[in-house]
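Have the sequence and the model side by side.

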Amino acid sequence: TKAGRQFQQGNKASSGINACCDDKNQDTLDLFRHDTTISAGRAAQPVLIDTLVSHSGKALQWLSGRVHVDLSVLSQLGGHSVQRTHRPAHGMVGAEIMYGMQKALEPYTKTGALTIMTDTKATRILKSSNGSVNGVEYVRGNSETMTLRQHQQVHAPHVIVATGGFAS
């Protein structure tokens, strides 16, 4: 849809990653939750906000330690009571995360333990008879050729569907 295309094109992480709690400031989980709830206004979803707030510190540690993303700059952006936006000293955070994750995943793709499919549109989630997800139906190619291609399926014990954020 037109609205979907607009959303997809504007979906870029360029400012940083909000995370709590750092020794560099006076942030608390309750303050982060409060700021996020106020910023979201009527669209606030407390369960999602709690997940963000509760796991943000671990996500930041994982990105820095495991994926080796530089998130050394700490800033205070709109809607925050304290500095909690972490970003790299150079470059945009979204691009830095993608490059870091590509490097971290490279050994798995080289051995065939992981397949990353770009220019691929998931058309249906496949489920087993007990209802658990066990695969994806998809087509590959650019937007002009996808409708002409035959749908294929991949079955796996673990399925991750990630959309957007990879060069739109």
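Begin with strand S5 and strand S6 (residues 152-155), which pair in the antiparallel sense over four bridges. Helices (H or I, at least four residues) and strands (E, at least two) are DSSP runs, numbered from the N terminus. Two strands count as paired if DSSP finds at least two bridges between them. Across this pairing, Gly 135 stands opposite His 155 in S6. This is a predicted model, in which local features need pLDDT of at least 70 and side-chain atom pairs count only at pLDDT 80 or more, while totals for chains, interfaces and linings use all residues. Residues are numbered from 1 along each chain as its sequence is written, and side-chain values use heavy atoms, with hydrogens and water left out.

S5 has another partner. Seven bridges join strand S4 (residues 120-127) to strand S5 (residues 133-140), and the two run antiparallel. Thr 120 has Arg 140 in S5 as its bridge partner. S4 and S5 form a hairpin, with five residues between them. Look at Gly 131 in the turn: its phi is positive, at about 95 degrees.

Now turn to the other sheet. Three strands make an open sheet in the order S1-S3-S2, with antiparallel pairing. Strand S1 (17-18) and strand S2 (73-75) are the edge strands, each pairing on one side only. Strands of a sheet pair through backbone hydrogen bonds, either parallel or antiparallel. Between S2 and strand S3 (residues 85-87) there are three bridges, and these strands run antiparallel. Ser 75 has Thr 85 in S3 as its bridge partner.

The loop between S2 and S3 holds His 80. Is His 80 buried or exposed? His 80 is buried, because its relative accessible area is 16%. The cut-offs are simple: buried means under 20% relative accessible area, exposed over 50%, and partly exposed in between (1.4 Å probe, protein chains only). Neighbours within four places in sequence aside, His 80 is in contact with Asn 18, Asp 35 and Thr 85. Contact here means heavy atoms within 4.5 Å.

Next comes the disulfide. The structure holds one. A disulfide is a covalent bond between the sulfur atoms of two cysteines. In this model the term is applied to a pair of cysteine sulfur atoms within 2.5 Å. Cys 20 and Cys 21 form the link, with their sulfur atoms 2.0 Å apart. The link of Cys 20 and Cys 21 is right-handed, with 55 degrees about the S-S bond. Cys 20 is buried, with a relative accessible area of 7%. Cys 21 is partly exposed, with a relative accessible area of 42%.

Ala 44 sits in the loop between helix H2 (29-40) and helix H3 (46-65). Ala 44 counts as partly exposed because its relative accessible area is 22%. Not counting residues up to four places away in sequence, Ala 44 touches Thr 37 and Ile 49.

Leu 105 lies in helix H4 (residues 93-111). Leu 105, Tyr 108 and Ile 116 form a nonpolar patch on the surface, with about 260 Å² of accessible area together. Patches are made of residues with over 30% relative accessible area and no salt bridge; like charges are joined within 9 Å, and nonpolar side chains (Val, Leu, Ile, Met, Phe, Trp, Tyr) within 5 Å. A salt bridge is a side-chain nitrogen of Lys or Arg within 4 Å of a carboxyl oxygen of Asp or Glu. Accessible areas come from the Shrake-Rupley method with a 1.4 Å probe; for residues, only the protein chains shown count as cover.
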